[in-house]
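Welcome! Take a look at the sequence and the 3D view, then read on.

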Amino acid sequence: MNKNIIKINSTSFEINKLITSTQLFSKLKLSLSARLVLRCIVDFWNYKMSCAYPTQLTIAKCTGLTDVAVGKAVKELNNIGLIEKQKKNKRIYYYFTLKLLGYLNLTPKIIYVNTQKNLCNIPNSFYNNNILKDNENIFLNTSQNSIIEDELISPKQMAEITIKKFANNPVFYTKVAELKEKFGL
């Protein structure tokens with residue numbers, strides 16, 4: 001498998017919703033046929049297999065494009081780096097890349113190959129809000145402005161630091177709520 005291909009467990013409905021809500025097509029210069037083909041591939045997305053495998057004829061029938069136009073659109077999507085295609089047993093499988101997922105603000109569930117290498121392939125514009133990239137050390141003792149080395153930190157202090165750090169991150173909403181409730185913060 002190509003290093004850019006990843007596995008996500010999102011349904012086609014969720015991916016289509018993200019295409020609309022993130023205004024993907026206003027961020028990218030895509031031909032109208034490429035937009036139609038991308039939406040069609042998403043419609044055929046199989047979240048259990050993390051790929052789509054409609055035939056070129058099926059895509060042509062669904063979009064109203066010719067086979068040649070579909071081929072050019074798939075090539076355009078592939079060249080831009082939004083999808084990868086692989087031919088297996090006379091069938092073409094379409095996979096989404098990290099670049100597309102970055103535009104959709106969608107976090108991959110499983111990465112098939114080395115995670116560190118794949119994270120290096122994420123464009124810098126998507127990297128700014130990544131919780132993995134953080135210039136601050138969350139274990140700084142704010143009163144002394146130094147790293148806590150020999151001091152023991154209580155669970156309540158750790159909860160306060162965690163809540164402060166992740167309070168505005170929707171991914172950690174439930175964990176932050178649990179910590180607030182548990183420690184009365």
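This is a predicted model, and its chain contains 10 helices and six strands. Of the 185 residues in the chain, 34% are buried.

**The chain as a whole**

**How confident is the prediction?**

- The average pLDDT of the chain is 77, and 71% of the residues score at least 70.
- Residues 110-117 have a pLDDT below 50, and this stretch makes 11 contacts in the model beyond near neighbours in sequence.
- Residues 132-150 also have a pLDDT below 50, with 19 contacts in the model beyond near neighbours in sequence.
- Where pLDDT is low, the predicted coordinates should not be read in detail.

**Helices α3 and α5**

- Two packed helices are described by the angle between their axes and the distance between the axes.
- What is the angle between helix α3 and helix α5? Helix α3 (residues 32-43) and helix α5 (residues 67-80) pack at about 85 degrees, and their axes are 8 Å apart.
- An angle of 65 to 115 degrees counts as roughly perpendicular, and α3 and α5 are therefore roughly perpendicular to each other.
- On the α3 side, the contact is made by S33, A34, V37 and L38. On the α5 side, A69, V70, A73, V74, E76 and L77 take part.
- Sorted by class, the residues in this contact of α3 with α5 are eight nonpolar, one polar and one charged.

**Helices α4 and α5**

- Helix α5 also packs with α4, at an angle of about 105 degrees and with the axes 9 Å apart.
- The pair α4 and α5 is therefore roughly perpendicular too.
- Q56, L57, I59, A60 and T63 of α4 meet D67, V70 and G71 of α5 in this contact.
- The contact of α4 with α5 has four nonpolar, three polar and one charged residues.
- Look for V70 of α5 in both places: V70 takes part in the contact with α3 and in the contact with α4.

**Two buried loop residues**

- Is T22 buried or exposed? T22 lies in the loop between α1 (12-21) and α2 (24-27), and T22 is buried, with a relative accessible area of 11%.
- Leaving aside residues up to four places away in sequence, T22 touches K27, Y103, L104 and N105.
- P54 lies in the loop between β2 (51-52) and α4 (56-63). With a relative accessible area of 5%, P54 is buried.
- Which residues does P54 touch, not counting those up to four places away in sequence? They are F44, I59, R91, I92 and Y94.
- Although P54 and I92 are 38 residues apart in sequence, their C-alpha atoms are 7.6 Å apart in space.

**Two lysines to find**

- K85 lies in strand β3 (residues 83-88) and is partly exposed, with a relative accessible area of 42%.
- K85 touches V74, N78, I92, Y93 and Y94, not counting residues up to four places away in sequence.
- K72 is found in helix α5, and at 61% relative accessibility K72 counts as exposed.
- K72 and A34 are 38 residues apart in sequence, while their C-alpha atoms are 8.0 Å apart in space.

**Positive phi outside glycine**

- Q23, which is not a glycine, has a positive phi, near 55 degrees. Q23 is found in the loop between α1 and α2, and at 52% relative accessibility Q23 counts as exposed.
- Where does N89 lie? N89 is in the loop between β3 and β4 (91-96).
- N89 also has a positive phi, about 50 degrees, although it is not a glycine. With 79% relative accessibility, N89 counts as exposed.

Notes
Residues numbered from 1 in each chain as written. Predicted model: local features only at pLDDT ≥ 70, side-chain atom pairs only at ≥ 80, totals over all residues. Heavy atoms only, no water. Helix = DSSP H or I, 4+ residues; strand = E, 2+ residues; numbered from the N terminus. Buried < 20%, exposed > 50% of the residue type's maximum accessible area, 1.4 Å probe, protein only. pLDDT = per-residue confidence, 0-100. Contact = heavy atoms within 4.5 Å. Axes fitted to C-alpha atoms, helices over the stretch in contact; angles between N-to-C directions. Parallel < 35°, antiparallel > 145°, perpendicular 65-115°, else oblique. Nonpolar A, V, L, I, M, F, W, Y, C, P; charged D, E, K, R; others polar.
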